[in-house]
Amino acid sequence: MVSKPNTEEEMAKFAIVPAQTRRKGIGIRAWLVVLESGQSHLEELGKHSVMRRTGLPARDLRVLDPVLSYPSTILGRERAIVINLEHIKAIITAKEVLMVNSNNPLVVQFVEDLQHRIMPKPAMESHDEEIEDAADANWGSPSVHGFNGSVTNSRKRPSQRVNVSSEVLNVDVKEDSPKTSEDERVAAGPKVLPFEFRALEACLESACRCLESETQTLEQEAYPALDELTSNISTLNLERVRQIKSRLVAISGRVQKVRDELEHLLDDDNDMAEMFLTEKLVRPSLDQSSIKEELCNDELEEDDERTEESKSESNSEIFSGFKPNIEELEMLLEAYFVQVDGILQKLSDMSEYVGDTEDFINIMLDDKQNQLLQMGVMLSTANMIINAGIVVVGLFGMNITISLFDGGPSTKFLETSLGTLGSCVALYLIAFVWGKKKKLLGS
């Protein structure tokens, strides 16, 4: 009786240990991290760690779950961009790219392409530093944050400029001359895309390459199979075409979803503005320091209370009116939108070819069916005439006494038989000619 409680306690201990071990590993997953320098390494991160690191809610992380099936999605958030395109499931921040670790050969190829694209080239390192220094200097210069109280840029559209209230600054708003902006562009040289846009471009390129490859493979299989089906309608050829059509519908749906996602981004400027992660990190601090300098120079005579209110109002205008120049991102998305639209057009042409082939086969089958119906009409007519001859033979075979059976051998039997057979043939020919004349029988 003493050993029984000990056994129950031991069993309870063994039952608790696996639960603790299982609870410890909940949400932990291997993530492949690609840094801005092009280096990559694996990290064991939990869901909450990724959420704190990227600022994403839990519902956005479900999009990247490989167990769940989500359509292609591109989400722009405050500190990250969520990418779910075909085999690519990644989170892009301003400094790194996090991807769910996978042994898929397509993912391995994408990682290599991503590292090659974002890796800084030796010849461009010094030039990039000069561009960053020039940009930092221009942020505080009067040409950008001058005493006009507005952020001006000749490449920005009027609706995309960030204006500060003239009532607060009590100054006039004026734009830079085209000559000055042109000189600045020439002096700055070719502009380098931010890290998040280079990573986004690598994702779009890999997804488009995958869809293009599958489309070409399907084209190479589809057209010969359809041509063979038109020449030889068999069960094997029909099964091949059925499988090809199923693949065509699946690929068309995936390409259409990617196209719709890109079109949605191009139609919404706010979604594109959310993707400027690097600019959102740099812009607030620079704008805030510039506004503070202007307010100190122009509002020294006002009360402290009014100065604080002006600062808060101007800062709220800056942050709420964050509208970067989206032209470069728009051009990037448009380029891949055109490519995806071309792939969708190929699939649409293939679908039309499949539909034309189906119509052609249906016409052939209808023609065969018509021929069988004509043969059935001809056989039915022949059967009716033969039955009429059988009726004549039955009449002569009746056991009755008539003068035809009296007397010796004669040719009357032969004459009757040949007359009956000739009458049947004549009636058949008459029915056939009548059917031709009424166009009931084909040629």
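This is a predicted model: local features need pLDDT of at least 70, side-chain atom pairs count only at pLDDT 80 or more; totals for chains, interfaces and linings use all residues.
Student: What makes β5 and β6 a pair?
Tutor: Two strands pair if DSSP finds at least two bridges between them. β5 and β6 have 3 bridges, in the antiparallel sense, so they meet that rule. A90 stands opposite M99 in β6.

Student: Which sense does the pairing of β1 and β6 have?
Tutor: Antiparallel, over 5 bridges, with β1 covering residues 29-35. In β6, V100 is the bridge partner of W31.

Student: Why is T93 called buried?
Tutor: Buried means under 20% relative accessible area, exposed means over 50%, and partly exposed is in between (1.4 Å probe, protein chains only). T93 has 8% relative accessibility, so it counts as buried. You'll find T93 in the loop between β5 (88-92) and β6 (96-100).

Student: How do you know what T93 is in contact with?
Tutor: Contact means heavy atoms within 4.5 Å. Leaving aside neighbours within four places in sequence, the contacts of T93 include T54, R79, F195 and L277.

Student: And which backbone oxygen does the side chain of T93 reach?
Tutor: That of E96, at 2.9 Å. A polar contact is a pair of N or O atoms within 3.5 Å; within protein, one must be able to donate a hydrogen and the other to accept it, and residues adjacent in sequence count only if both atoms are side-chain atoms.

Student: How many residues of β4 are buried?
Tutor: 5 of its 5, so β4 (residues 81-85) is mostly covered. I81, I83 and L85 point one way, V82 and N84 the other way, and all are buried.

Student: What are the strand partners of β4?
Tutor: β3 (residues 73-76) pairs with β4 in the antiparallel sense over 4 bridges, and 5 bridges join β4 to β5, again antiparallel. I83 stands opposite A90 in β5. In the hairpin of β4 and β5, E86 takes a positive phi near 55°.

Student: How many aromatic pairs does a search of the whole structure find?
Tutor: It finds 2. The rings of F197 and F276 have centres 4.9 Å apart and planes at 85°, so that pair is edge-to-face. The rule: rings of Phe, Tyr and Trp (its six-membered ring) pair if their centres lie within 6.5 Å; planes under 30 degrees apart count as stacked, over 60 as edge-to-face and the rest as tilted.

Student: Why does the pair of F197 and F276 tie together parts apart in sequence?
Tutor: F197 lies in helix α9 (residues 195-231) and F276 in the loop between α11 (269-273) and α12 (277-298), so the parts tied together are 79 residues apart in sequence. F197 is buried at 1% relative accessible area, and F276 is buried at 6%.

Student: What kind of aromatic pair do Y223 and Y353 form?
Tutor: Edge-to-face as well, 5.0 Å centre to centre with 65° between the planes. Y223 counts as partly exposed at 26% relative accessibility, and so does Y353 at 30%.

Student: What makes R53 and E43 a salt bridge?
Tutor: A salt bridge needs a side-chain nitrogen of Lys or Arg within 4 Å of a carboxyl oxygen of Asp or Glu. For R53 and E43 the closest N and O atoms are 2.7 Å apart, so the pair passes. R53 lies in helix α2 (residues 47-54) and E43 in strand β2 (residues 40-45), so parts 10 residues apart in sequence are tied together.

Student: How many salt bridges does the structure hold?
Tutor: 19. One of them joins K280 and E274 at 3.2 Å, N to O. K280 counts as buried at 12% relative accessibility, whereas E274 is partly exposed at 29%.

Note on methods:
Residues are numbered from 1 along each chain as its sequence is written. Side-chain values use heavy atoms; hydrogens and water are left out. Helices (H or I, at least four residues) and strands (E, at least two) are DSSP runs, numbered from the N terminus.
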